[in-house]
Amino acid sequence: MRAFNAELSKLFSLPGIWLAFLIGVFAPAVIAALDSMAQKEEIIAGVSTRLSEVGYIGLGLGVQGVIILGVLAVSSEYLAEGNETGGGQQITTSLTVVSSRIHFLLAKAGAVTVISILLSVVAIMTTVSATHLVLGEYTPAFEWPKLLGAVCYWAFTALLAFGITVLTKHGMIPLAVLIINTSFVSFSFLLSKVTKLALYLPDRAGFEMFMFLSNRFLTPFTGGLVMFAWVVVLFIAAAIVFHRRDVAS
Amino acid sequence: MSFPSSKKITRILGAELDKLVTLPSIWLTLTGTFILNLLLAAAFTSVGLQGAAGTQSILNIGLASMRYLQAGFIILGILATCSEYNGGQIRTTLTTIPWRGVQLSTKHLALEIITIPAAFIMAASGVLYTFTMMRDTAVVIEIGTMIKTLLGATGYLTCTTLLSAAIGALFRRTTPALVVLLGYYFVVSPLTRDFPPSIRKCFPDTAGYYMYMPPSTDEINFLTPMQGAGISMLWTLICITVAIVLFRKRDA
């Protein structure tokens, strides 16, 4: 519990974390508002084909905030200080204090999960109010299971980013790959045109939890399970690698 | 120092090139981007092969991976400037080269020297792959158009790299610069699809898009490759200027 508190405190005092919060809170709302504005006329005329996913698209594409959170949580530990200050890494201090590596990893993952869940709840609030603001009475009702799915999607995405960064030790690659993959030109979307197997990739499966896709492949629940399985596998791999690896290398 | 100024510039350029070439992450980024580009070209080609035969141009499919390819070049630009700030290298640099404006502009020049061949090879390899795979099915294009398009793509990637380097010099930290640039190129820009094209075509990425996009005649708001290149370069120059001015003002 103390390790968990320490991780929370480390995360909140990270210099880049304001960016994660800012993007996490506002990006979904802005995306949802822009999308609603673009579709407003069609929706009012009652001919919109995408009425049901209005708003959710913001939650689907606005996960950058938690990606930054998950990546920064790990990459900040490995960031080498300058030569002028000894060139140390925070991870050596962290592991001196919490000597069990598994405990350390669990505490950190726990802190990331808690913050990303809180962030997603805030994001849902801003997104729902932004959609209401733009669409007024035409806003589709937001259903609880879907919103819960969105919360799960955010938390799982943060954990995926976390796990990948533990493996790479460097924030740049996971950040670039994951941000591109959540954007409009995602790799998995491209791959899903090539092979049906790509629909089992974590983000595609996770999307099924709260998006109404026209060509539904998995039910929301199995989508969640598939994504959770990815998180678990990645986390186990990260834990093994982290347990065996020399910190100084 | 008692060097004539032309020699001074050459020496600074040599030093900046040396620093970039010896940065391991630059080579990692370039190799990674190259491999990824080929994989994406393969994916796009296989999607293209599934589509109707004889309707798609090789250039369209071969350059479809450009959207992803630019990410690698954004990283390249950011790495070039932000690596100076990782561990106080910038103070050594400025001790040996105490002319800040000259230093940063030479850095951009050195980056350009590395980027242009890399960008050309990558754009060409994507098109070449598509060409070998789809020779029988796709519309044949003449070699002149292909070279023009490839030069446009190279120019676009170079502009993007220099722009990212300038943004990196502004932020001085890798993560915020990366998030801002990737967020702009991959999330914000596609979202503004519904904006009137007259405004949209002046954005750096859309203007650059016209540099290599095959010409279509039915569009009113269409930029010629030269106009696109002009706007794109203007954005890059503005960003570099802002970066240099701030770099001169700020505490290193």
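Trainee: Leaving out residues up to four places away in sequence, which residues does Ser192(A) touch?

Mentor: Bear in mind that we're looking at a predicted model. In it, Ser192(A) touches Ala198(A), Leu199(A) and Arg204(A) once those sequence neighbours are set aside. Ser192(A) itself sits in helix α9 of chain A, residues 187–194.

Trainee: Is Ser192(A) buried, exposed or partly exposed?

Mentor: Count the C-beta atoms around it. A residue needs 20 or more others within 10 Å to be buried, and 12 or fewer to be exposed. Ser192(A) has 18 within 10 Å, so it's partly exposed.

Trainee: How far is Ser192(A) from Ala239(A)?

Mentor: Their C-alpha atoms are separated by 29 Å, and the two residues are 47 apart along the chain.

Trainee: Now the interface. How many residues does each chain bring to the contact?

Mentor: Interface size is often quoted as the accessible area lost when the parts come together. Here we go by residues: 26 from chain A and 21 from chain B. On the side of chain A that touches chain B, the elements giving two or more residues are α2 (17–45), α4 (64–78), α8 (172–182) and α9. The largest share, five residues, comes from α8(A). By class, that side has 18 nonpolar, six polar and two charged residues.

Trainee: And the core: which residues touch the most other members of the largest nonpolar one?

Mentor: In soluble globular proteins, nonpolar side chains tend to be buried together. The largest nonpolar core here has 133 residues, and Ala176(A) and Leu182(B) touch the most other members. Helix α7 of chain A (residues 144–168) supplies the largest share of this core, with 14 residues. Apart from neighbours within four places in sequence, Leu182(B) is in contact with Ala176(A), Ile179(A) and Ile180(A), as well as Ala71(B) and Ile74(B).

Trainee: At what angle do α10(B) and α11(B) cross?

Mentor: Roughly 145 degrees, with the axes of α10(B) (residues 204–212) and α11(B) (residues 225–249) coming within 7 Å. The crossing is left-handed. Among the residues making the contact are Ala207(B) and Tyr210(B) of α10(B), and Ile231(B) and Trp235(B) of α11(B). The contact residues divide into eight nonpolar, three polar and no charged.

Conventions
Residues numbered from 1 in each chain as written. Chains lettered and ligands numbered in written order. Predicted model: local features only at pLDDT ≥ 70, side-chain atom pairs only at ≥ 80, totals over all residues. Axes fitted to C-alpha atoms, helices over the stretch in contact; angles between N-to-C directions. Helix = DSSP H or I, 4+ residues; strand = E, 2+ residues; numbered from the N terminus. Left-handed = near helix turned anticlockwise from the far one by under 90°. Contact = placed C-beta atoms within 7 Å. Nonpolar A, V, L, I, M, F, W, Y, C, P; charged D, E, K, R; others polar. Core = buried A, V, L, I, M, F, W, Y, C linked by C-beta atoms within 7 Å.
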